[in-house]
Structure formats: C-alpha cells, structure tokens
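Reader: I would like a close look at one helix and the packing around it. Please take it step by step and keep to what the model shows.

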Amino acid sequence: MNRFSELHTRLDETTKTNVKIQALVDYFRTAPEADAAWAVWFLIGNRPKRIVARAELRSWAAAEAGIPEWLFDESYLAVGDMAETIALLLPAPESSEEISLHDLIEERLLPLRGADPAERRSAIRAIWSGFDERRRFVWNKLITGNFRVGVSRSLVIRALAEATGVNAPTIAHRLMGEWNPTPESFAALVSPASVETDATRPYPFFLAHPIEGDPAILGPAGDWQAEWKWDGIRAQLVRRGGATSLWTRGEELVTERYPEIEALGPHLPDGTVIDGELLPRKGDRVLPFHDLQRRIGRKTPGRKLLAEVPVWLMAYDLLEWDGVDHRGEPLEKRRAALGALAERLPKGSRLAVSEVLEADDWPALAAARSAAVRAGVEGLMLKRKGSAYGVGRKRGDWWKWKVDPRTIDAVLIGAQPGSGKRAGLYTDYTFGLWAEGELVTVAKAYSGLTDAEIREVDAFVRANTVARFGPVRMVEPRLVFELGFEGIQESTRHRSGVAVRFPRVLRRRDDKRADEANSVADLRAMIAVGEPMPPRSGMQTFFAFADDDDGDRPEADRAGPV
C-alpha cells in the first residue's frame, strides 16, 4: 500500500504526460503481480460497488476527529473532497501498519460487503488508525468509489507497454471486456507468449477527433468516406465459438438487454465482430436518444418496452470475419465485406449498414452537415478510405465534424461548489428559462468559463445568495449566460418538460438583463416534431436496412418520434 500511495502522489503532483508515464513504469516494474493487477484495475477506471455509505463515513470520521457533524460539513464545503476532508481531520495514527494493496482490497475491504454497520465501522477505524495521512487519503478514495488520479486508460496502456515490452495494441485488446484483477490475469496481460482465451472479448474501439476549422485541410473530399454521426450507444457485436456477445464502448456486456440484437448472432458466421451504434428506430425513423435511455438500465426489457423502443445496430465496420482480425486492412475493403455480410442476413434482421454519403467536394458535404440537425443527427463522420482500424483516439484518419451547437440565453439561478482543483469555488451552475412569469430549471452546466470568469461568478454567488439547500446556493436572477447544447427533446422528468443534451456555457451575456433571457416556449420551438431524415441531395439512399419493408408491422410501430 505504501508503493501504491507513492504512485498516487507522483501522479497527482504533475500534469506532464512523460512524468506520469515514468511513475507508472517504475511502479509496474517493481510491484508484485497481485498488487499490480489491482493497480491496473483501478487505474483504468474500475470501481468496486460502494460498500460504505457516505453518511456513515461522515458520522464515523466526525466521531474519530472529536468534532460535531456540522463542523465536518463545513470542513467538507471548504475542502470539496470527502476523502481528503477525512484524511485531514482524523487524529494522528496510533501505529503504522504495513499491508499490500491486494490484501487491503481482498482481505479488508471486499469482506465488508454485507457486514453490519458496527463491523464495518470497526474495520474502517482499524485502517485509519494504522495509516498516515497519505495512505488514509488513498484508502478513503477506494472505499468511497471515487478513486481518480488524472491518468487515462491509454496512458496506463502506454506505461505497461514500456514496462513490459509488449506492444500497446496487444495490451489494449487484452484489457477489453471483463478483466479480473488477479496475479494470473496480470501475468497473461504482460506476457509476450500470452494466448487469448476469452472468446467473447471485443476489440479496443477506434475513436475520432473533432475537426477544427475548414475540413478542406484534410485534402480532396474524394479521399474520405462520409457518414452520419448518430447519437446512440457505440457497441461491438461479437460472434465466436457459437456464442453472441454485445459490448458497449464502456466495456459493459449488455447482450441480454438487447435481445433483438442478440438474435442476429445465429445468422452471423463464426468469428465475426461488427462495430456499430445501438439506435432506437421505428419504421424509417431513428428516435431521440431520450427514448433509448429507457432501455439502458433494463437488464430484461419487457414485451411492451421492446415494442415501444425497438433497437437496431447501425453497422459501421467489420473488424473480424472467418475468425481473422482484419483491422489492419483498408477501410474500403472492410466496408465491402460488411455490405456483403448484411446482404446475407434474413429479412427482419435488426441490422442497418451506415450509408456512405457520396459528394464531389467539401461544399456538398457541408450542406449535408447543415441539414443533419433537423433529424437529431450530430453531424458527419469523416474516415480516410485507406485507413486501418486503430486503437483509441488518434489524429489523422478519423474525424467527427459535428454541427454547430444550438444556443439559448438562460439565467443563473443556483450554484454549488466543485471538487478537486475547483473545491471551494462555486463552479457547478443551475440555469433557468422563463415560463409564465417565473424561472424554471432547464439545465446544469459545469464547463465553459475561464478561471477568471469562474472567480467572478463565485464572488457573485457568495454576495447574492437568497437561499441555501445543503451545498447548493440559490442566487438572485441577474446573470445571463449563453448555453450551447447538442440535442433537445420532450421530457416528463423535468419540470420544464424539456431536456437538452450536453449543455455547456458558451459565454456570459453582460449585454442582457435577466428579463431578456429566453423562455421555455423558445426552447420548445426548437424541437423538430416529425421532421424527415436529412435531405439526400443526390447522395445514396439514407438507409441500407437488411429489411426495409415494414408493411407487415402494425401502423403504430411505423410511427415517427413523439
């Protein structure tokens, strides 16, 4: 645990990529396999299910520190981080305990799941009393499920590759799916002779960079494959060993949640991996992402939900066929193989091939991009026709050319403190629009202002608070901000009746008074009800569905989005 805490400190004290990689390399070269396995598991973003409630930790820590809970709460508001607040307030340790990371997790933490509160408190207190402030801080992060240390998954993969000599793409692939933090798993991860044993394992996803400026800098438009950028859930459908697996980009196995996609499996040749997007679709229309959210949390969706929100796989790429990894082949070859595979699927299969938009020049593609917003499409994807399927987000071959965000002027009505480096500053904002003479909450945003602007707004919040609800301060409605967002749809979960996607602050509108801000009616007017798909403008057919005839389905099933 000393070694892991030292790693955390080294990573936390720098923003330089090379320094972070060296810290990780030093750790992986010296840590025992059992510890290194857990370190990898945490560093790539895994979290154990919360074992101890925050309210319990708050109460126990206040008691150990000998302070009332209200004082703990005030300290937390000043620090902005629960784990750090506890580490700072606890008295000096009674002893110094030496324990490995894997023993700490496997012997001390995980057995607490299901234990009674008295047993949990005793175990937590025993760790606190034997750790110094640095190790307490890391321990608190682990038990609260908030362990984050400013390294990306790709950074961890690069460090493992440098420490072990195994190439980064191989390590990235071995880490995909359900990777268990055991000594055996770590040994297989870094072994040059390791053989893949998990037939369900997907490939690392290849991601695109947002394009900045004029896309003409990419060269002739004819060198690029253009597709619509859909707003769904990126996924890979894997068929190996007679079994079908569906994985999301977040490496979650969701096969049972989408039985209509799982049903594609028996019709695919063994040794097939398809990259695509899960989309809710009825008739010839793709429904808003809001509808898909109804399916996301349902492990076993009922018949009614399956009928109301049918899901299709919009296929982008064919990564493996006949059991052979073809990611290194040119995109054009993989797409041709994908099209041939789709043609062999039986009528009624829920697979669509993402259509290529044929255009002679960039102005024609720009026109298509401008029209995309009417159907809720986020813009265009641009992929070099000769590109291989890479790993992670790399510049050069794949770009996303999103439509300009929609905007609206909203009033700041509330704020609460941020966390981490923004602890102690009011940086998490709540915005409202006018509805029948009052401001109604429509969005929360956490980004978009400069450090100087954040300090100005923080000072405003402190000087103009009209009510407090826990950490949240409600303020006088005087500041107006321009918000940008990607999508909009009706929502019964919001008081305004409207929900926006990915809201962020674009700028402060000092030229506007609060009563000049927009209304909920203005926001509603942006919703395109029953709009057709983007115009084809001489391009190929918008969809290439395996089954494009919905005549045998009920009329309700062919209706457009509400």
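Author: The model is predicted. Helix H7 covers residues 101-109 and packs against helix H9, residues 133-144, at an angle of about 50°, with the two axes 13 Å apart. Angles from 65 to 115 degrees would count as roughly perpendicular and those under 35 degrees as roughly parallel, so H7 is oblique to H9. The crossing of H7 past H9 is right-handed.

The residues that meet can be listed by helix. H7 contributes Leu-101, Leu-104, Ile-105 and Leu-109, and H9 contributes Trp-139, Leu-142 and Ile-143. Sorted by class, the contact of H7 with H9 consists of 7 nonpolar residues, with no polar and no charged ones.

Next comes burial within the helix. Leu-101, Leu-104, Ile-105 and Leu-109 of H7 are buried, and His-102 is buried too. H9 is one of the elements that cover these buried residues of H7. The cover also includes helix H1 (2-12), helix H2 (17-30), helix H3 (33-43) and helix H8 (117-130).

For a second case of burial, consider strand E5, residues 243-248. Here 5 of the 6 residues are buried, so the strand is largely enclosed by the rest of the structure. E5 runs antiparallel to strand E4 (residues 233-240), and 6 bridges join the two. Within this pairing, Gln-236 has Trp-247 in E5 as its bridge partner. E4 and E5 form a hairpin with 2 residues between the strands, where Gly-241 takes a positive phi near 60°.

Methods: Residues are numbered from 1 along each chain as its sequence is written. This is a predicted model: local features need pLDDT of at least 70, side-chain atom pairs count only at pLDDT 80 or more; totals for chains, interfaces and linings use all residues. Side-chain values use heavy atoms; hydrogens and water are left out. Axes are lines fitted to C-alpha atoms, for helices over the stretch in contact, and angles run from 0 to 180 degrees between N-to-C directions. Helices (H or I, at least four residues) and strands (E, at least two) are DSSP runs, numbered from the N terminus. Angles under 35 degrees count as roughly parallel, over 145 as roughly antiparallel, 65 to 115 as roughly perpendicular and the rest as oblique. A crossing is left-handed if the near helix is turned anticlockwise from the far one by less than a right angle, and right-handed if clockwise. Contact means heavy atoms within 4.5 Å. Ala, Val, Leu, Ile, Met, Phe, Trp, Tyr, Cys and Pro count as nonpolar, Asp, Glu, Lys and Arg as charged, and the others, Gly among them, as polar. Buried means under 20% relative accessible area, exposed over 50%, partly exposed in between (1.4 Å probe, protein chains only). Two strands pair if DSSP finds at least two bridges between them.
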